[in-house]
Amino acid sequence: TSRRLLLAAAALLGIAQLVPIPRTNPPVEEEVDAPPGARAVLERSCFDCHSNATRWPWYAWVAPASWLLAYDVSEARGHMNFSTWNRYGAEKRADRLEEIAEVVQKGEMPPWFYLPLHPSAKLSQADIAAIHAWTGEAPPESGAHKHPKHDH
């Protein structure tokens, strides 16, 4: 009976591969305006989910992992997409910048489950500082909240 279960599981896995999953990278409408240091962090740690420049790994073609990955990228792009930054008005951009600083500071992004297969996406304190400098949000330990965006 365990052999039958194994064969049935293999058959189901094989059939699952036939379910079409979109893995597209639409055109970039506008590059996000970030200084080189912050831009490098965004590309390394955020763009796979929050841009149209997703690097689809080999497991993006293997169900059921492909289903979860396509869903996560779709949700992330829907929430915030650095490749369609031009669609956001000034207020929405300001809200997104504040949110980016907050989730990075709290360690919520990149998500914990992304890091084992993408260790280079892990943020260092220097990476977090670069993001805070770009967003105009001071890190919490400084005691300030917002500071003007300018070079020091």
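**View 1. A salt bridge joins the side chains of E43 and R39 in this predicted model**. The nitrogen-to-oxygen distance between E43 and R39 is 2.6 Å, and both residues belong to helix α2, where they stand four residues apart, about one turn of the helix. Side chains of opposite charge can pair when their charged atoms come close.

**View 2. The side chains of E102 and K106 meet in a salt bridge**. Here the distance from N to O is 3.0 Å, and the pair can be set beside the total for the structure, which holds eight salt bridges. E102 counts as partly exposed, at 41% relative accessibility, whereas K106, at 52%, counts as exposed because the cut-off for that class is over 50%.

**View 3. Helix α2 packs with helix α6**. Helix α2 covers residues 36-45 and helix α6 covers residues 125-135, and the two pack at an angle of about 115°, with their axes 8 Å apart. On the side of α2, the contact is made by G37, A38, V41, L42 and R44, and on the side of α6 by D127, A130, I131 and W134. The crossing in which α2 passes α6 is left-handed.

**View 4. A76 is a buried residue** **of helix α4**. The relative accessibility of A76 is 11%, so this residue falls under the 20% cut-off for buried residues. When neighbours within four places in sequence are left aside, A76 is in contact with C49 and H50. The C-alpha atoms of A76 and S51 are separated by 8.4 Å, although these two residues are 25 residues apart along the chain.

**View 5. A nonpolar patch on the surface is formed by W58, W61 and V62**. Together, W58, W61 and V62 have about 390 Å² of accessible area. W58 lies in the loop between α3, residues 47-50, and α4, residues 65-79, and W58 is classed as exposed because its relative accessible area, 68%, is over 50%.

Key: Residues numbered from 1 in each chain as written. Predicted model: local features only at pLDDT ≥ 70, side-chain atom pairs only at ≥ 80, totals over all residues. Heavy atoms only, no water. Patch = residues over 30% accessible without salt bridge, like charges linked within 9 Å, V, L, I, M, F, W, Y side chains within 5 Å. Areas by Shrake-Rupley, 256 points an atom, 1.4 Å probe, with all protein chains shown as cover. Salt bridge = Lys/Arg side-chain N within 4 Å of Asp/Glu carboxyl O. Buried < 20%, exposed > 50% of the residue type's maximum accessible area, 1.4 Å probe, protein only. Axes fitted to C-alpha atoms, helices over the stretch in contact; angles between N-to-C directions. Left-handed = near helix turned anticlockwise from the far one by under 90°. Contact = heavy atoms within 4.5 Å.
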